[in-house]
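This report describes one protein model for a reader who has not seen it before. It begins with a single residue and its partners, then turns to other parts of the chain and to the protein as a whole.

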Amino acid sequence: MPENLTQETQQPWMMETVDAFLELEGGKHLIEEAENVVALASLLDQTGNLEESLVCNDSVVQFLESKLNGDHLLIAEVKHNLGTIYFKIGRYEEAVGKLREALHIRRTKLNGSHILTEESLKTLARAYAATGDSEMALFYFKEVMSIRKDRGTTKMDSESEADLLLRLGKLHLEQHEFSDALACFKDSLRLQRQAVAVRDEQKLGETLQSMGSALLEIKQFQESRLTLLSALKILERIREEGPELMKTAFLLGRVNESEMTYDKALAWFDRAFAIMERLGLDDKKMKARITFRVGMVKFGLKSFDEALTLVTEAQDLLMLEFGPNHFEYATCVHSRGKIQYELKDYSTAKDCFETALQVRQSYLKPNDPELGESLHCLGSCFAKLENSQEGDSCLNEALRVRMLNFGENSMEVGETQRMLGQVELDLGKVGAAIEHFQEAIRIGTAAARVKQSIAEEDYENLIQCF
C-alpha cells in the first residue's frame with residue numbers, strides 16, 4: 001500500500017483496487033476483499049481524501065448489496081462511513097439518509113446498547129443538528145444518553161459524556177427547554193471538572209457560556225452574569241479574541257439590558273461588534289442580533305424613533321437569514337410591534353403582534369409565557385383600535401396564561417388586569433371592569449417595587465367606573 005496518497009498518485013491505484021474487487025463473483029474471499037476496500041476507504045478518509053473515500057465506499061456498498069443480504073453488518077458499516085463522509089463535506093441531508101439506513105441494520109442485528117449502535121445514533125443526531133432539525137437531533141441524543149445510563153459510564157468515556165451533555169444542552173436551548181438545558185450544562189461541567197487532570201479550557205469556557213445563556217432565558221440574571229463573567233475570564237486567558245468571546249460579550253450585554261443597566265449593555269454590545277469586525281467575520285446573524293439588541297436598549301431609554309430604525313434593520317437581516325417563519329424573526333417582529341405601540345401606530349403594531357404570535361404558536365407550548373405576552377400586546381392593540389370584543393378575547397387568554405406562569409400576584413397579571421378593566425368598561429360591563437381594576441390596585445400596592453404613578457393610574461381607572 002503506498003505510504004503517501006497524494007492527489008497525483010492515489011487515484012489510479014485506488015481505482016485499480018476497487019475494480020479488482022468488483023470483478024469478484026462471490027465466494028469465501030468476498031468479505032475479506034470487501035474489508036480491504038473498506039480499510040482503503042478509511043485510510044483515504046483519514047488522509048483528507050474525502051471524495052475518493054466516498055467513491056470507494058459507494059462502490060463497495062452497491063456491490064455488497066447485490067451479493068449479500070441487505071442487513072449484513074458490513075453493509076451497515078459502509079453506510080455509516082458514507083454518512084460520516086457526507087457529514088464532513090456538508091451534504092447533511094444525504095448524511096442523514098445513509099446514517100438512518102446504517103442505524104436500522106445495527107439495531108436489527110446488534111444489541112440495542114451496542115457501541116456501534118450508539119455510534120450511529122450519535123452521528124445521526126449530529127447530522128440532524130447540522131440540518132437545523134434540533135427536535136430530531138435532541139431525540140437521538142436522548143437515546144444515546146439512555147443507552148449510556150443503562151450501560152454505566154466509565155472513567156474512560158466520561159470526557160465523551162461531557163461532550164454529549166454539552167451538545168444535548170445546546171439542543172434543549174434551541175427547543176426553548178431552558179431548565180433541561182441548564183441541567184445538561186451542569187452535569188457536563190461536573191464531569192469536565194472530575195474527568196481529567198488537565199482541563200480543556202475551551203470546552204469549559206463554552207460550557208459556562210451556554211449555562212449563562214440558559215440562566216438568562218429563565219431570568220436568573222445575577223447567576224447568569226456571574227457565570228458569563230467566569231466564561232469570559234477563561235476565554236480571555238486561552239486566546240485574545242474569537243467567536244466564543246464575541247458571543248459571551250453579546251450575552252453579557254443581554255443580561256445588562258434585562259437588568260436595565262443600559263450603558264453597560266451598550267458597552268458589551270459594542271465590544272461584541274468590535275470583536276466580530278477585528279476577526280473579519282461576515283456573520284450576518286450576529287450582526288442582526290447585535291443591531292436588534294441595541295435597538296431594544298434604545299427602546300428601554302425611550303428613544304423610540306432610533307429604536308424603530310435599528311429594529312427594522314435587524315428584522316430585514318433576519319428575514320434574509322432565516323425567513324419569515326423562524327422564532328428569532330418573530331421575536332424581532334414582536335419587539336417592533338412594541339415600538340410601534342409606543343409611537344401610537346396601533347394598526348401597524350397589531351399586524352406585528354399577529355405575525356409574531358402565529359410563528360410563536362408553532363414553536364412554543366400552549367401555555368408558554370411568551371405566548372401570554374403576545375396575547376396581552378395584541379389585546380392591548382385591539383383595545384386601542386376600539387375593537388373591544390377581540391381585545392377582551394385576547395386579554396382573557398393572556399390573563400389565564402400569565403396566571404399559570406407568574407401567579408395571580410405578579411406584575412404581569414396586574415398589567416393584564418388593568419387593560420382588561422379598560423376593555424370591559426368600553427364594552428359597558430362596569431361590574432367586571434371594577435373587579436379587574438381592583439385586582440390591578442391590589443397587585444400594585446402589594447408589590448414593594450411598584451412605582452406610585454402606576455398605582456395612581458389604577459385608581460383613576462377605577463374612578464371612571466363610577
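Q315 sits in helix α15, which covers residues 304-322. The model is a predicted one. With a relative accessibility of 10%, Q315 counts as buried, because buried means under 20% relative accessible area. Two polar contacts start from the side chain of Q315. One, of 3.4 Å, goes to the side chain of Y329, and another, of 3.5 Å, goes to the side chain of R336. If neighbours within four places in sequence are set aside, the residues in contact with Q315 are Y329, C332, V333 and R336.

**The protein as a whole**

The fold contains 22 helices and 0 strands. Of the 466 residues in the protein, 47% are buried. The accessible surface is about 23300 Å², and carbon and sulfur atoms account for 49% of that surface. How many of the contacts between residues at least 6 apart in sequence join residues at least 24 apart? The share is 58%.

**Helix α5**

Helix α5 runs over residues 92-109 and has 18 residues. From its first C-alpha to its last, α5 reaches 26 Å, close to the 26 Å expected at 1.5 Å a residue. The buried residues of α5 are A95, V96, L99, A102, L103, I105 and R106.

**Salt bridges**

The structure holds 22 salt bridges.

| Pair | Distance |
|---|---|
| D163 and K203 | 2.8 Å |
| K170 and E206 | 2.1 Å |
| R442 and E439 | 2.9 Å |

The bridge between D163 and K203 involves two helices. D163 belongs to helix α8 (residues 158-174) and K203 to helix α10 (residues 201-217), so this pair ties together parts that are 40 residues apart in sequence.

K170 is partly exposed, its relative accessible area being 29%. E206 has a relative accessibility of 18% and counts as buried, because the limit for buried is under 20%.

R442, at 32% relative accessibility, counts as partly exposed. E439 is partly exposed as well, with a relative accessible area of 26%.

**Aromatic pairs**

A pair of aromatic rings is described by the distance of the centres and the angle of the planes. Searching the whole structure gives 7 aromatic pairs. One of them is formed by F250 and F269: the ring centres are 5.7 Å apart and the planes are at 45°, so the pair is tilted. Stacked pairs have planes under 30 degrees apart and edge-to-face pairs over 60, so an angle between these limits is called tilted. F250 lies in helix α12 (residues 243-258) and F269 in helix α13 (residues 262-279), so the pair ties together parts that are 19 residues apart in sequence. F250 and F269 are both buried. There is also an aromatic cluster formed by Y128, F139 and Y140.

**The loop between α12 and α13**

Which residue lies in the loop between α12 and α13? T261 is in that loop. T261 is partly exposed, its relative accessible area being 30%. The side chain of T261 makes a polar contact of 2.8 Å with the side chain of N256. T261 and G300 are 39 residues apart in sequence, and their C-alpha atoms are 9.8 Å apart in space.

Terms used: Residues numbered from 1 in each chain as written. Predicted model: local features only at pLDDT ≥ 70, side-chain atom pairs only at ≥ 80, totals over all residues. Heavy atoms only, no water. Helix = DSSP H or I, 4+ residues; strand = E, 2+ residues; numbered from the N terminus. Expected span 1.5 Å × (residues − 1). Buried < 20%, exposed > 50% of the residue type's maximum accessible area, 1.4 Å probe, protein only. Contact = heavy atoms within 4.5 Å. Areas by Shrake-Rupley, 256 points an atom, 1.4 Å probe, with all protein chains shown as cover. Phe/Tyr/Trp six-rings, centres within 6.5 Å; stacked < 30°, edge-to-face > 60°. Polar contact = N/O pair within 3.5 Å; in protein donor to acceptor, adjacent residues only side chain to side chain. Salt bridge = Lys/Arg side-chain N within 4 Å of Asp/Glu carboxyl O.
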